Amino acid sequence: MLKTLVSGDTPRSPILLAILIVILICLAFAPFLFPGVRSVDTAARICIFIVLVASYDLLLGYGGIVSFAHTMFFGLGAYGVALASTDMGRGFDALLVGSVAGAGLAALLALVIGLFSLRVRAIFFAMITLAVASAVAVLVSQLSTLTGGEDGLSFKIPRALGPAFKFMDGELFGVKANGKLLKYYLVFISCFVLFLLMLRVVNSPFGRVLQAIRENDFRAEAIGYRVVHYRVAATCLSAAIAALAGALYAVWLRYVGPDTTLSMEIMIDILLMVVIGGMGTMYGAVIGATLFVLAQNYLQNVLSLAGESVATLPLLPDLLNADRWLLWLGVLFILSVYFFPTGIVGRLRGK
Amino acid sequence: MSDPILKLDGVFTNIAQYHILQGVELTVPRGEVTMLLGRNGVGKTTTLRTIIGHWRAHQGSVTFDGQNITKLPTPAIARAGIGFVPEDMGIFADLTVEENMILAAVSGAIDDARLQWLFTVFPALETFWKKDAGTLSGGQKQMLSIARAMIEERALYLIDEPTKGLAPAIITTMARAIKELKDQGASILLVEQNFAVAKALGDTANVMDDGRVVWSGPMSELATNADLQERLMGLSMEAH
């Protein structure tokens with residue numbers, strides 16, 4: 001039963017299985033295990049980034065296609081929800097219309113970019129995506145009447161997802177049973193389903209052909225597979241899922257802006273999460289996103305604690321200053337790439 | 001004689017600025033093993049790759065089973081009934097042997113009887129069925145590469161140097177596989193540098209030089225004529 005749920009793609013390593021179960025339990029019960037605005041916010045971000053990174057892994061790790069437009073697709077979903085909610089007023093219908101429109105537009109744009117550039121070399125596709133993504137980012141910041149420009153858009157989400165909405169007499173296992181809790185579970189369950197869906201895709205015959213194309217595209221053609229069709233289909237699917245992740249992100253934040261969805265910085269983060277977790281594994285996205293988002297949110301606190309504990313020593317307090325967290329994040333990346341060249345999942349599976 | 005399964009008419013193929021094929025005339029009769037021989041760099045591999053559509057013929061035509069396939073995309077050529085075993089094997093290393101074979105069965109599911117037959121030809125495949133193809137030895141990879149082309153019945157197989165760099169025992173296995181394929185009625189165009197294998201398998205021979213087929217005739221004639229071998233391929237029997 002469980003095996004069917006993960007489409008027969010088991011973790012194939014006891015340690016990996018244990019880590020994944022711990023992450024799943026922590027995320028599934030985050031509001032109860034770690035009550036607090038910040039920790040629940042971190043958990044929701046982890047869920048969303050797992051889906052976003054996994055959808056990128058579908059492209060990079062399985063299809064061998066390098067794209068720099070993933071944040072653009074992410075942003076299309078987010079802006080879709082924001083614009084629909086602004087125009088149609090708060091309501092689940094607006095969320096639905098916004099995410100479906102965003103995902104549809106993302107898939108359409110991916111189709112156009114793919115058909116134009118995936119016929120030729122993969123590097124050309126990377127360049128085109130970079131250009132289109134930059135153009136869209138500029139466009140979004142310039143069209144300020146529509147998109148709010150650099151300030152972004154704040155919008156209202158359905159009351160049932162807000163803190164004022166109460167159910168179950170207002171309390172559940174000591175946690176406020178309000179719309180915020182419902183919103184977390186909307187995010188969690190959507191992400192869980194999307195992730196299982198992607199596992200299904202990569203373990204389907206379609207996924208196998210993608211892997212074959214990544215390894216030797218000419219050979220796949222000589223067997224009889226239309227390489228361009230498969231690559232374009234993978235690009236569209238990946239774009240649509242990224243857009244859905246963006247829609248969830250917008251719902252969670254009740255805000256959308258260039259910095260939260262479209263920036264190149266997030267694109268680089270996604271790449272790092274895929275590489276650290278392990279390309280072409282799907283589970284790598286889970287581990288990469290979890291580690292990365294945790295580090296982004298808590299490394300500063302860890303450092304300030306560490307800095308205090310060595311306050312009496314020379315030099316060390318300066319190095320462990322909370323303001324140096326980006327430096328230490330960088331060190332962590334270098335170490336992880338050095339010790340886990342095939343990613344954490346690749347290493348755990350003994351490759 | 002019935003019309004040939006494959007016919008190349010005045011085929012010219014350029015790769016970048018190099019004129020590799022310069023008017024290849026080649027006929028592959030049905031149900032036979034046709035050898036494509038010649039020194040290194042005369043265009044044997046390019047001929048096979050032009051047939052499958054990896055390189056495009058700039059002039060001339062390729063006719064397969066009465067259909068002009070010169071301008072068809074590679075997947076369409078493959079699905080028309082041509083199996084291709086490239087020189088570099090091109091197995092999918094990250095996938096298992098099983099997955100490699102499933103992928104190769106483009107029409108859908110693997111035919112079990114045919115798979116059992118392949119297991120008798122290449123027992124190693126059954127042994128390593130669930131293993132990653134990348135972990136196989138060179139000879140096993142070559143067997144997988146050929147088996148992958150054989151998993152579905154094709155009218156014509158293009159096989160590029162199947163015995164290159166292999167141990168003698170595996171060469172025997174390869175030769176037997178090609179023989180069995182022929183006995184099933186398939187036509188085969190085989191590039192082979194190992195003259196002993198060529199002699200044992202070939203029905204007709206075509207020798208290439210400088211991007212053209214310079215000699216065609218029965219393999220037996222070439223095999224017994226040392227002068228001809230010397231002149232066409234720079235071979236001498238002492239060396240073999």
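B:Glu87 is partly exposed, at 28% relative accessible area (buried is under 20%, exposed over 50%, partly exposed in between, with a 1.4 Å probe and protein chains only). This is a predicted model: local features need pLDDT of at least 70, side-chain atom pairs count only at pLDDT 80 or more, and totals for chains, interfaces and linings use all residues. Residues are numbered from 1 along each chain as its sequence is written, chains are lettered from A and ligands numbered from 1 in the order written, and side-chain values use heavy atoms, without hydrogens and water.

**Salt bridges**
- The structure holds 16 salt bridges over all chains (a side-chain nitrogen of Lys or Arg within 4 Å of a carboxyl oxygen of Asp or Glu).
- B:Glu87 pairs with B:Lys164 at 2.8 Å, N to O.
- That pair links distant parts of the chain, 77 residues apart.
- B:Lys164 is partly exposed, at 49%.

**Helix α7 of chain B**
- B:Asp183 and B:Lys179 form a salt bridge, with the closest N and O atoms 3.4 Å apart.
- Both lie in helix α7 of chain B, four residues apart, about one turn of the helix (helices are DSSP runs of H or I, at least four residues, and strands are runs of E, at least two, numbered from the N terminus).
- B:Asp183 is exposed, at 54%.
- B:Lys179 is partly exposed, at 38%.

**Nonpolar patch**
- A nonpolar surface patch on chain A includes A:Leu313, A:Tyr338 and A:Phe339.
- Its largest share, five residues, comes from α17(A).
- A:Tyr338 is found in helix α17 of chain A and is exposed, at 64%.
- Patch residues have over 30% relative accessible area and no salt bridge; like charges are joined within 9 Å, nonpolar side chains (Val, Leu, Ile, Met, Phe, Trp, Tyr) within 5 Å.

Technical notes:
Accessible areas come from the Shrake-Rupley method with a 1.4 Å probe; for residues, only the protein chains shown count as cover.
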